[in-house]
Amino acid sequence: MAAARVLRVAGLRHLADEVRQVLPDPVDYDHAESVLARYGVTKDGLISRRGGSP
């Protein structure tokens, strides 16, 4: 699943378009993690926003 789509599903639509321009598809997990950290987005935060628990 593309990083932008994950952000949209997690309710972070405002970041989805910006991140889509920065991250390739498919995205390398480590690269995505470092880019998303710049926006204050973490893996645990995304899991929580989707109703899961880290």
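Me: Leaving aside its neighbours within four places in sequence, which residues is Ala32 in contact with?

Reply: This is a predicted model, in which local features need pLDDT of at least 70 and side-chain atom pairs count only at pLDDT 80 or more, while totals for chains, interfaces and linings use all residues. Residues are numbered from 1 along each chain as its sequence is written, and side-chain values use heavy atoms, with hydrogens and water left out. Contact means heavy atoms within 4.5 Å. Once the neighbours within four places in sequence are set aside, the contacts of Ala32 are Leu23 and Val27.

Me: Is Ala32 buried or exposed?

Reply: Ala32 lies in helix α3; helices (H or I, at least four residues) and strands (E, at least two) are DSSP runs, numbered from the N terminus. Buried means under 20% relative accessible area, exposed over 50%, and partly exposed in between, with a 1.4 Å probe and protein chains only. Ala32 has a relative accessible area of 8%, so this residue is buried.

Me: What is the relative accessibility of Val35?

Reply: Val35 is placed in helix α3. Apart from neighbours within four places in sequence, Val35 is in contact with Val22 and Leu23. Val35 counts as buried, at a relative accessibility of 2%.

Me: Why do the buried residues of α3 line one face of the helix?

Reply: The buried residues of α3 are Ala32, Val35 and Leu36. An arc is taken from the directions that run from the helix axis to the C-beta atoms. Seen down the axis of α3, the buried residues line one face because they fall within an arc of 95°.

Me: Which helices do the buried residues of α3 pack against?

Reply: On the face of α3 turned away from its buried side stand the exposed residues Asp30 and Arg38. The buried residues of α3 pack against α1, α2 and α4.

Me: Within what arc do the buried residues of α2 fall?

Reply: Helix α2 spans residues 13-22, and Leu15, Ala16 and Val19 are buried there. Viewed down the axis of α2, these buried residues line one face of the helix because they fall within an arc of 110°.

Me: Which exposed residues are on the face of α2 turned away from its buried side?

Reply: The buried residues of α2 pack against α1 and α3. The face turned away from that buried side carries the exposed residues Arg13, His14 and Gln21.

Me: How many salt bridges are there?

Reply: A salt bridge is a side-chain nitrogen of Lys or Arg within 4 Å of a carboxyl oxygen of Asp or Glu. Arg8 and Asp17 form one, at 3.2 Å from N to O. Arg20 also forms a salt bridge with Asp17, with the closest N and O atoms 3.1 Å apart. By this rule the number of salt bridges is two.

Me: Which residues do salt bridges with shared partners join into one network?

Reply: An α-helix has 3.6 residues a turn, so residues three or four places apart point the same way. Arg20 and Asp17 both lie in α2, three residues apart, about one turn of the helix. Salt bridges that share partners give one network, made of Arg8, Asp17 and Arg20.

Me: What is the relative accessibility of Arg20?

Reply: Arg8 is partly exposed, with a relative accessible area of 29%. Asp17 is also partly exposed, at 39%. Arg20 counts as partly exposed too, at 49%.

Me: How much space lies in the largest pocket?

Reply: On a 1 Å grid over the protein atoms alone, a cavity is a set of points where a 1.4 Å probe fits but cannot get out, and a pocket is an open set with protein on both sides within 12 Å along at least five of seven lines; lining residues have an atom within 4 Å of a point. Grid points are joined across faces, edges and corners, and a volume is the space filled by probe spheres set on the points. The space in the largest pocket is about 280 Å³.

Me: Which helix supplies the largest share of the lining of the largest pocket?

Reply: The lining has 17 residues, and those closest to the centre of the pocket are Val6, Tyr29, Ala32, Leu36 and Leu46. At least two residues of the lining come from each of α1 (3-9), α3 (29-38) and α4 (43-49). The largest share, four residues, comes from α3.

Me: What is the phi of Gly40 near?

Reply: Gly40 is in the loop between α3 and α4. At 63% relative accessibility, Gly40 counts as exposed. Gly40 follows α3, and its phi is positive, near 80°.
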